[in-house]
Amino acid sequence: MPKIFNYKNFNKGSIVVANKISGLIKTKGKLNEKCVLGLSTGSSPIKTYSELIKMHKKEGLSFKNVVIFNLDEFYPMKPNSQFSYHKFMFNKFLKHIDIQKKNVNIPKGDISNKEIRNYCENFEKKIDNLGGIDLQLLGIGTNGHIGFNEPGSNISSMTRKVEISNHSRLVLSKDFKSIDNVPKNAITMGVKTILKAKKIILIAWGKTKSEIIRKTLKEKINPLVPASYLQNHKNTEFILDNDSSSYL
């Protein structure tokens, strides 16, 4: 079962996560090894990213040995669109640190349909060739999705094009101004891709996440709650605040 850590608020929890990530980067750096991070978007990791930026600027934390793989991207979506996860990652994190562009891997939302399968297979190969993801950071949707692995996702799923559920599109509509503007598809790492990570940290803040956190951790593994697959991962931590953990 995952280890559960509870903090007073998202600020405290986010700082803890940033410290864990920076510690791993430094350890790998001393060994002259690449640090392979799986990263996520959404509001949950923003404070963690801002803490890492602060460590880079004030403490000299270098990201030159870091390779990142992002969980997902809308499809179709141009990388320079205001709604793209590409833009999100650069605005909130990547343009403020010294990571090398060649080490940034965010799923492309602007490739043709016929290229997708080959592209996704190569995305997986690239992760495997680096020895796998050292640390995967996850958020969780209120319906239990991780990445865009929506309810019903198979445990053996790999990086692929998926349909975004109406539930998720409704949640996203506040950013897109209307549900009609929310893309119906995405390219996402699969459940198996995520579970292959050596360490996983799932973060969740706020009362709206409390019920799904309870289902994820307290009920049996269920494909309708994809995050529940994490129960069987050998090295997973849930970093929660008082509100998100209130039903445990």
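Is Arg-214 buried, partly exposed or exposed? Arg-214 counts as partly exposed, at 23% relative accessibility. On this scale, buried means under 20% relative accessible area, exposed means over 50%, and partly exposed lies in between (1.4 Å probe, protein chains only).

1. Basis of the note. This is a predicted model, in which local features need pLDDT of at least 70 and side-chain atom pairs count only at pLDDT 80 or more, while totals for chains, interfaces and linings use all residues. Residues are numbered from 1 along each chain as its sequence is written, and side-chain values use heavy atoms, with hydrogens and water left out.

2. Arg-214 and its partners. Arg-214 forms a salt bridge with Glu-211, with the closest N and O atoms 2.7 Å apart. A salt bridge here is a side-chain nitrogen of Lys or Arg within 4 Å of a carboxyl oxygen of Asp or Glu. Both residues belong to helix α7 (residues 210-218), where they sit three residues apart, about one turn of the helix. Helices (H or I, at least four residues) and strands (E, at least two) are DSSP runs, numbered from the N terminus. Glu-211 is partly exposed, at 31% relative accessibility. Arg-214 also forms a salt bridge with Glu-219, the closest N and O atoms being 3.1 Å apart. Glu-219 is likewise partly exposed, with a relative accessible area of 34%.

3. Lys-54 and Glu-51 meet through their side chains in a salt bridge (3.2 Å, N to O). Because they are three residues apart in helix α2 (residues 46-59), about one helical turn separates Lys-54 and Glu-51. Lys-54 is partly exposed at 39% relative accessibility, whereas Glu-51 is buried, with a relative accessible area of 8%.

4. Glu-73. Glu-73 lies in strand β4 (residues 72-75) and is buried, its relative accessible area being 0%. The side chain of Glu-73 reaches the backbone nitrogen of Tyr-85 at 3.0 Å. Leaving aside neighbours within four places in sequence, Glu-73 is in contact (heavy atoms within 4.5 Å) with Ser-84, Tyr-85, His-86, Pro-107, Gly-109, Ala-186 and Ile-187. Ile-187 is 114 residues from Glu-73 along the chain, yet the C-alpha atoms of the two are separated by 5.5 Å.

Conventions:
Polar contact = N/O pair within 3.5 Å; in protein donor to acceptor, adjacent residues only side chain to side chain.
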